[in-house]
Protein chains: 2
Amino acid sequence: MGQRKSGIRRNVLALSGGVGGAKLACGLARVLPPGALTTVANTGDDFEHFGLHISPDIDTLTYALAGFQNEQTGWGRSDETWSFMTALGELGGETWFKLGDRDLALHLERTRRLNSGQRLSQVTSDIARLLGVSSRILPMTDDRVRTQVVTEDGVLEFQRYFVEAQCLPKVSGFIFDGADQAHPHPDIVAAMKDPDLRAIVLCPSNPFISIGPMLAIAGLRSALASSEAPVIAVSPIIGGHAVKGPTAKMMKELGLQVDAAAVAAHYHGLIDGFVIDTVDASLANRIEVPVDVQPTIMRDQADREKLARAVIDFADRLTSTDKRA
Amino acid sequence: MGQRKSGIRRNVLALSGGVGGAKLACGLARVLPPGALTTVANTGDDFEHFGLHISPDIDTLTYALAGFQNEQTGWGRSDETWSFMTALGELGGETWFKLGDRDLALHLERTRRLNSGQRLSQVTSDIARLLGVSSRILPMTDDRVRTQVVTEDGVLEFQRYFVEAQCLPKVSGFIFDGADQAHPHPDIVAAMKDPDLRAIVLCPSNPFISIGPMLAIAGLRSALASSEAPVIAVSPIIGGHAVKGPTAKMMKELGLQVDAAAVAAHYHGLIDGFVIDTVDASLANRIEVPVDVQPTIMRDQADREKLARAVIDFADRLTSTDKRA
């Protein structure tokens with residue numbers, strides 16, 4: 001591992017979308033000192049449903065870090081009941097977006113607070129604290145950004161594509177509506193400039209619809225590009241497949257090769273290191289940045305912590321190399 | 001019973017507020033021919049909570065007529081779960097107004113439909129049908145009327161008085177905000193003019209906050225006063241006490257004698273007959289309209305049907321007497 005100079009650096013900033021990102025964030029939260037982790041959540045897939053403000057990626061992260069994520073579904077709470085949805089179906093209501101009884105309380109309370117003038121970041125932070133999350137969760141922005149998916153069936157709002165249409169329509173591009181006017185949360189920019197920042201981790205999330213909306217915010221992208229901390233991405237593609245979600249399908253539809261090297265190329269100019277799975281070790285020579293090869297499938301909390309440690313160690317090695325250069 | 005001419009008349013219009021009214025409506029729905037009963041629901045205690053339009057009296061009636069009223073609480077559904085409320089409490093949300101998981105679905109679906117431009121009467125009718133209610137439920141008006149309670153603690157919105165303050169503040173009067181501009185649902189006026197109307201029943205509901213808001217709508221009050229059908233009220237006060245709710249407490253605070261005769265006097269000029277409980281038989285001579293003495297406590301569905309039959313028979317006798325006069 002060489003001579004590490006990074007002992008003095010403490011903080012880690014993780015950028016996360018859905019389930020895979022939340023898993024790595026859980027690992028990072030456990031292996032880092034208390035308070036060292038801040039996770040930035042994608043809000044491009046936020047939407048309004050029944051007049052409620054729903055933030056799927058913030059919630060996946062919050063539930064995961066609180067320790068009650070639903071391991072079966074990948075979304076929602078493990079201790080959930082479904083009376084509301086059943087009754088709504090009986091009344092002929094809209095049931096395409098599944099809302100558990102407990103989950104609904106979170107959406108309602110968030111909406112109430114937002115309507116009373118609180119910022120999404122404040123609401124997110126309060127709810128996380130109330131649910132017992134000790135690390136920090138920051139929405140990528142307090143401004144409104146809405147991911148739209150350009151498909152063969154026209155431009156679809158994200159949740160209509162993702163949930164209602166089950167990602168079936170062929171994708172040709174993405175619109176991050178509002179991103180050009182959006183400002184990153186100021187604490188994200190401050191964290192990226194922080195001399196005590198040990199690493200920025202792009203979690204194994206969908207590069208287009210999880211990390212993509214963040215990078216579409218100019219202020220966030222430029223802060224990331226100019227950060228002195230090493231930026232490490234973990235491939236969401238393993239052996240040509242996505243562990244979960246439409247990443248592989250999207251890459252194919254966008255005309256990209258469906259492998260980890262193509263993900264690394266997608267992050268060209270932004271990352272200092274790339275973590276690929278052991279099954280993809282042979283791709284390393286096609287990747288322009290330093291590569292770390294690890295078992296990246298996170299089946300349980302031990303896997304998450306192991307990968308988290310590996311990612312931090314990799315970042316520390318890059319820092320050390322950089323200092324010696 | 002004399003010679004009945006009412007055989008040709010078919011329809012009954014019941015005016016109902018909370019639990020007691022809903023019980024009698026259930027009895028009427030069973031003893032009358034299919035389609036003969038229309039129940040008018042008070043909407044003065046409707047309110048907005050979490051951005052949802054909540055109609056407590058419509059819902060009590062709907063759940064009762066659908067056969068799944070909660071007999072313990074007097075509100076909500078018998079097959080209810082409470083995950084939402086528990087989770088909301090954990091998030092520090094407002095929990096003073098209890099919303100069950102299934103009940104919440106009804107409020108959400110109603111709100112969605114109202115926000116899409118449907119009228120409350122249409123929404124009420126659709127929901128009742130979907131829940132298997134075969135008789136008709138009509139809100140007193142599609143316009144906005146909001147009961148406010150004038151108390152020693154100031155003017156309180158109805159649910160704040162009724163639920164949050166638990167009816168504790170001393171009452172000096174009521175404001176039916178919006179009633180002066182409100183129009184009764186046109187089908188109510190039409191029903192009251194209907195030559196086939198057999199009876200109008202003022203259910204054993206609170207005269208001030210259940211029946212009061214209806215009578216505060218000039219068009220409804222005048223249609224009631226000019227209807228040719230007999231108007232029968234059933235006393236909500238039995239032996240000087242209300243079976244449920246603040247009726248007796250309010251009467252006392254308003255300086256009224258707390259008995260069935262005072263309720264009859266409150267309906268002076270509007271009713272043609274008054275039903276009192278057997279325990280109150282001695283009050284009959286203090287009541288200016290014909291009186292029928294019946295067991296009026298409705299412990300089960302058999303009680304409800306028995307009282308319903310008695311009320312209809314009483315109305316038929318009054319019609320018959322009227323015709324012979």
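How many residues of chain A are in contact with how many residues of chain B? In this predicted model, 22 residues of chain A are in contact with 22 residues of chain B. The legends below describe that contact and several close-up views within each chain.

**Figure 1. The side of chain A that touches chain B draws on the helices α3, α4 and α5 of chain A.** Each of α3 (83–90), α4 (101–115) and α5 (120–130) of chain A supplies at least two residues of this side. The most is given by α4(A), with 9 residues. By residue class, the side of chain A that touches chain B comprises 11 nonpolar, 6 polar and 5 charged residues. The model as a whole has an ipTM of 0.86 and a pTM of 0.88.

**Figure 2. Helices α4 and α5 of chain A cross in a right-handed sense.** The two axes come within 10 Å and cross at roughly 140°; α4(A) and α5(A) are therefore oblique to each other. From α4(A), the contact is made by A:Leu106, A:Arg110, A:Arg113 and A:Leu114, and from α5(A) by A:Leu120, A:Val123 and A:Ile127. Of the residues in the contact of α4(A) with α5(A), 5 are nonpolar and 2 are charged, with no polar residue.

**Figure 3. An open, antiparallel sheet of 3 strands in chain A has the order β7-β6-β8.** Strands β7 (154–157) and β8 (171–177) of chain A stand at the edges with a single partner strand each, so one side of each is left without a neighbour in the sheet. On average, neighbouring strands of this sheet are turned by 25° against each other, direction ignored. Strand β6 (residues 146–151) of chain A is joined to β8(A) by 6 bridges, and the two run antiparallel. Within this pairing, A:Gln148 has A:Ile175 in β8(A) as its bridge partner.

**Figure 4. Chain B contains an open sheet of 7 strands with parallel pairing.** The strand order is β5-β2-β1-β9-β10-β13-β14 (chain B). The edges are held by β5 (136–139) and β14 (291–294) of chain B; each has a single partner strand, so one side of each lacks a neighbour in the sheet. Neighbouring strands of this sheet are turned by 25° against each other on average, direction ignored.

**Figure 5. Helices α1 and α2 of chain B pack against each other in a right-handed crossing.** Helix α1 (residues 19–31) of chain B packs with α2(B) at an angle of about 35°, the axes being 9 Å apart. In α1(B), the residues B:Val19, B:Ala22, B:Lys23, B:Ala25, B:Cys26 and B:Ala29 meet B:Thr60, B:Leu61, B:Ala64 and B:Leu65 in α2(B). This contact of α1(B) with α2(B) divides into 8 nonpolar, 1 polar and 1 charged residue.

**Figure 6. Residues 1–6 of chain A have a pLDDT under 50.** For this stretch the model has 14 contacts beyond four places in sequence. Where pLDDT is low, the predicted coordinates should not be read in detail. Chain A averages a pLDDT of 94, and 97% of its residues score at least 70.

Terms used
Residues numbered from 1 in each chain as written. Chains lettered and ligands numbered in written order. Predicted model: local features only at pLDDT ≥ 70, side-chain atom pairs only at ≥ 80, totals over all residues. Pairing = 2+ DSSP bridges. Helix = DSSP H or I, 4+ residues; strand = E, 2+ residues; numbered from the N terminus. Axes fitted to C-alpha atoms, helices over the stretch in contact; angles between N-to-C directions. pLDDT = per-residue confidence, 0-100. Contact = placed C-beta atoms within 7 Å. Nonpolar A, V, L, I, M, F, W, Y, C, P; charged D, E, K, R; others polar. Parallel < 35°, antiparallel > 145°, perpendicular 65-115°, else oblique. Left-handed = near helix turned anticlockwise from the far one by under 90°.
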